[in-house]
Amino acid sequence: MKPFFLLGLCLLFVSGLYADLEDLIPEEKIDPESFAKAQDILKNYSIKRNLPRTQVKSTVAIYEYMLANLEFTSKIVQFLDLGKYTVEVPREGVFKVDDKNGVVAELQCIYRTEKMRVYLANGIFQAPFNLEIKSEGLIILKFVPAKGGMVDTKASLFFKVENKFLDKLSKSAHELVGLILEKKSTIFIYSAQTTAEYINENATQLYDEMGTSEVFTKEEIEGYYQSFLAPKKATSIPKK
């Protein structure tokens, strides 16, 4: 099967669609080419999907860490037997994701804050009915703390599909393409949510288990310890 790229995932905390990207991101904060491409996708998307509001039993700090370290997150997912997808970081700000089941996605982070991530993605989607669709996507992730030790998220998916056959699909076929994109493109977000919840409840246990595994690098284990377990003044990881 030809690889198809993750096209677009938006985690928005509002129900409406931003009419202009600058409503969300100051134009001067990202390079002009990326801003123009993101703006074009937002205004000219072919498919939009909404996902139900999700509450993650964790903290924004943990959730943000999982999203900021997707390669490490994918190792935890595999280590806990929660999934098989992998993430590589070919260059700074870029994540190459492979779910080992037909999805290969290259995501470029073009804007970030403590509670938001904005990515661009592009590639080829091998669709049903023997359609090969060129496409681009915009990913906006936003997550905020909620009462009861929760993190509130809401998701919308935007896809700009460059294929003259898409308009000729029946309504049901068009819906099927959207459903497939929705299912595939949320795998990695749900993985970040799941690992964030697990760490929130089992941070020390996971640290102990990582120390006996060859899956994680020393730097990853130390970064994890410093982020979640170390006293505020700690400067190094304890020897095990």
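One term before we start: buried means under 20% relative accessible area, exposed means over 50%, and partly exposed is in between (1.4 Å probe, protein chains only). This is a predicted model, where local features need pLDDT of at least 70, side-chain atom pairs count only at pLDDT 80 or more, and totals for chains, interfaces and linings use all residues. Residues are numbered from 1 along each chain as its sequence is written, and side-chain values use heavy atoms, with hydrogens and water left out.

**Stop one: R91 and E106.** Select R91, which counts as partly exposed at 47% relative accessibility. E106 lies in strand β5 and R91 in strand β3 (residues 86-91), so the pair ties together parts 15 residues apart in sequence. Helices (H or I, at least four residues) and strands (E, at least two) are DSSP runs, numbered from the N terminus.

**Stop two: E64 and R112.** Here the side chains meet in a salt bridge at 3.4 Å, N to O. R112 is in strand β5 and E64 in helix α2, so this pair ties together parts 48 residues apart. Salt bridges that share partners join E64, R112 and R117 into one network.

**Stop three: helix α3.** Pick T73, which sits in helix α3 (residues 70-79). Buried or exposed? T73 is buried, at a relative accessible area of 0%. Leaving out residues up to four places away in sequence, T73 touches M66, Y85, S191, A192 and T195; contact means heavy atoms within 4.5 Å. Now go to K75, whose salt bridge with E220 has its closest N and O atoms 3.1 Å apart. That pair links helix α3 to helix α6 across 145 residues, and both partners are buried.

**Stop four: the core.** A nonpolar core is a set of buried Ala, Val, Leu, Ile, Met, Phe, Trp, Tyr and Cys residues joined through side-chain atoms within 4.5 Å. Which residues touch the most other members of the largest one? Of its 38 residues, they are Y63, M66, F72, I76, I199 and Y224. Helix α5 gives the most to this core, with nine residues.

**Last stop: α5 against α6.** Select I199, N202, A203, L206, Y207 and M210 in α5, which meet I221, Y224, Y225 and F228 in α6.

Key: Salt bridge = Lys/Arg side-chain N within 4 Å of Asp/Glu carboxyl O.
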